[in-house]
Amino acid sequence: MVNFGKRLMADQLEEWKEYYINYKMMKKKVKQYVQQTQNGGRNREQVLKDFSRMLDDQIEKIVLFLLQQQGDLASRIEKLGEERAVLVEQSDASQVSELREAYREVGVDLMKLLRFVDMNATGIRKILKKFDKRFGYKFTDYYVSTRANHPCSQLQQIFKQVGIVAVVGTLSRNLAFLQDHQGNYPSIYDHPSTTLKDPIIEQINHSVQKLTHATNLLQFIGQHALIVPEDMQSGSEDNVDDQSYHFMSLLLNLANTFLYMVNTYIIVPTADDYSVSLGAAATVCGVIIGSMAVAQVFSSVYFSAWSNKSYFRPLVFSSIMLFLGNLMYALAYDVNSLAVLIVGRLLCGLGSARAVNRRYISDCVPLKLRLKASAGFVSASALGMACGPALAGLLQTNFKIYGLTFDQNTLPGWIMCVAWITYLFCLWISFKEPDHIARENSVDTPSSDSGHRRIGNLEDGLAQPFLIDVKESLDENGEDNDDNEEDPEDSHKPATSLAAAYRLLTPSVKVQLLIYFMLKFSMEVLLSESSVITTFYFNWSTSTVAMFLAVLGLTVLPVNVIVGSYITNLFQDRQILVASEIMVLIGIAMSFHFTSNYSVPQYVSSALITFVFAEVLEGVNLSLLSRVMSSRLSRGTYNGGLLSTEAGTLARVAADMTITAAGYLGRSSLLNATLLPSLLICVASIVATFCTYNSLY
């Protein structure tokens with residue numbers, strides 16, 4: 001692969017040559033600084049000041065030229081606007097066509113300017129990374145925090161591109177008008193959902209979106225799955241073509257996700273009643289619900305490793321384990337054994353194939369469809385989360401067949417048994433192993449040397465901010481590799497153990513994993529104890545609890561639509577992150593039982609605030625996590641998706657164990673006793689977020 005220095009020289013426009021970042025000179029300066037500090041010629045403070053001044057000069061040169069070019073484009077558009085005003089009174093189709101082409105020529109020049117900014121932004125990012133790597137000093141954090149937030153910031157010109165976006169808007173409006181020069185075409189401002197189908201505008205919008213990290217609905221929803229698509233224009237290899245892609249296999253993969261989430265939450269409304277019927281306390285429902293998460297801690301690892309070799313076999317194994325687990329869950333009442341009940345839930349957890357579901361989308365779906373597939377993964381999860389409790393609310397019956405009991409406690413197990421047997425049959429006859437898996441399995445080559453590369457690179461995507469390295473391998477070739485002090489092969493191999501993966505975690509990544517732990521802990525406490533709490537305080541029936549949980553689950557997709565379509569285009573991810581954390585904190589605080597009269601409005605409103613903003617927080621959190629995480633965690637068994645899954649699963653286990661432990665204090669103390677850890681963890685995550693706030697770009 002061509003290193004960045006050579007690529008910059010090859011791709012830059014000759015007439016703009018003097019305005020690009022002098023990457024070669026700055027790289028040499030970094031080498032000189034290292035030598036000077038080692039020889040005692042300069043101290044670190046002098047080096048930081050000198051390098052900051054030099055980088056400021058480079059950015060100033062770039063920004064001033066950028067503003068000049070924006071002004072030239074604006075002048076050309078203004079002159080074209082005068083011509084357009086004359087054409088309003090005429091109906092000469094040839095002149096309209098000529099004017100439209102003139103506007104498109106401006107668009108072509110704007111594309112050149114966007115490429116100029118993109119190349120320079122990449123150069124700034126890489127030289128900052130090179131400096132940090134050479135000196136072992138987080139200079140990037142310092143530089144960004146002192147420049148980006150300053151009222152006179154020039155760095156913001158590269159971040160925000162307000163001027164360029166304004167030019168894009170003007171071009172779009174005028175081209176839309178010229179589609180019908182009579183002026184009958186609806187305004188893009190009055191009808192924001194109207195999309196102008198012009199190839200130049202589409203290319204410009206894509207480039208601006210990539211450069212400024214604007215998000216859309218599919219991207220935001222897909223980020224919940226921690227499956228981030230690669231940039232379509234980056235030239236990255238796509239190992240999946242339309243011929244090898246199998247739509248039915250993708251549907252079966254999503255069906256597995258849906259059924260597993262139904263399986264997880266279908267027992268929540270009745271778990272407390274089931275434990276009481278077996279002679280245990282109602283709060284043992286925490287153990288029953290949490291045992292599935294305990295097993296998932298281990299299943300995530302072996303399923304992640306198994307997906308290196310196959311997707312069909314892990315899904316078959318998952319279906320069999322879930323069938324057996326639900327069978328034991330259903331039979332536990334008739335054998336009067338709490339142990340059988342818990343073992344059944346453990347088997348269900350051992351059948352958790354969510355790591356396989358993520359990996360299948362990442363590896364086996366073409367780039368152009370991966371966003372939709374990722375959004376489908378999250379939508380299937382959300383739908384399953386809502387359908388589980390809703391289905392439980394419909395199973396209010398009691399009868400026996402051949403001595404087997406079918407009631408609200410056992411029917412969830414029987415229903416899921418039938419569902420998994422049906423799914424296993426469909427899987428067996430319709431699922432197709434991906435071609436690249438079949439080819440690798442036909443060659444006797446160790447998996448570590450198979451050359452299989454994760455397509456779903458966590459740091460590649462349409463939404464890459466310029467301070468995060470898109471492909472670190474660009475720094476590992478030719479002259480850009482001169483500061484690499486370790487074997488290039490080793491420096492880009494995936495982590496081979498959880499310990500190795502942990503060593504790759506920066507403070508920013510650790511904070512994002514803490515936030516993910518916090519939100520999963522808070523949500524699990526809310527959901528798992530809902531039946532016990534509402535029965536104790538409000539005497540809710542199982543159907544009412546099921547309806548309440550189903551409504552909570554149904555808020556997921558509407559919230560994603562609002563945040564993904566609007567909020568993320570108005571605010572930075574880190575701003576939404578902090579605001580969501582604070583709202584989750586408010587929701588938790590509102591849930592405490594302070595007075596003698598604990599009302600339904602207080603509980604429902606606080607639960608909605610906690611749950612809704614935890615969902616918002618999850619999407620933004622995983623978006624940031626995908627960008628600050630090392631590229632070595634984007635592939636292999638111990639990848640970023642596995643780490644986030646483990647963090648979330650451990651949070652669920654901790655929450656369910658907290659509910660069971662708090663049960664010894666009595667039902668009257670259960671609510672406050674379980675909310676207190678949620679409150680403390682939330683406060684800790686907010687403090688940690690502010691400590692790493694300036695590194696979240």
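Mentor: Buried means under 20% relative accessible area, exposed over 50%, and partly exposed in between (1.4 Å probe, protein chains only). This is a predicted model, where local features need pLDDT of at least 70, side-chain atom pairs count only at pLDDT 80 or more, and totals for chains, interfaces and linings use all residues. Residues are numbered from 1 along each chain as its sequence is written, and side-chain values use heavy atoms, with hydrogens and water left out.

Trainee: Are Trp540 and Phe548 buried or exposed?

Mentor: Rings of Phe, Tyr and Trp (its six-membered ring) pair if their centres lie within 6.5 Å; planes under 30 degrees apart are stacked, over 60 edge-to-face, the rest tilted. The structure holds 33 such aromatic pairs. The ring centres of Trp540 and Phe548 are 5.7 Å apart and their planes stand at 65 degrees, so this pair is edge-to-face. As for cover, Trp540 and Phe548 are both buried.

Trainee: Which helices hold Glu618 and Lys520?

Mentor: A salt bridge puts a side-chain nitrogen of Lys or Arg within 4 Å of a carboxyl oxygen of Asp or Glu, and the side chains of Glu618 and Lys520 form one at 3.5 Å, N to O. Helices (H or I, at least four residues) are DSSP runs, numbered from the N terminus. The pair ties together parts 98 residues apart in sequence, because Glu618 lies in helix 26 (residues 600-628) and Lys520 in helix 21 (residues 507-528).

Trainee: Which residues do salt bridges that share partners join into one network?

Mentor: The whole structure has nine salt bridges. Those that share partners make one network of Asp11, Arg115 and Asp118.

Methods:
Helices (H or I, at least four residues) and strands (E, at least two) are DSSP runs, numbered from the N terminus.
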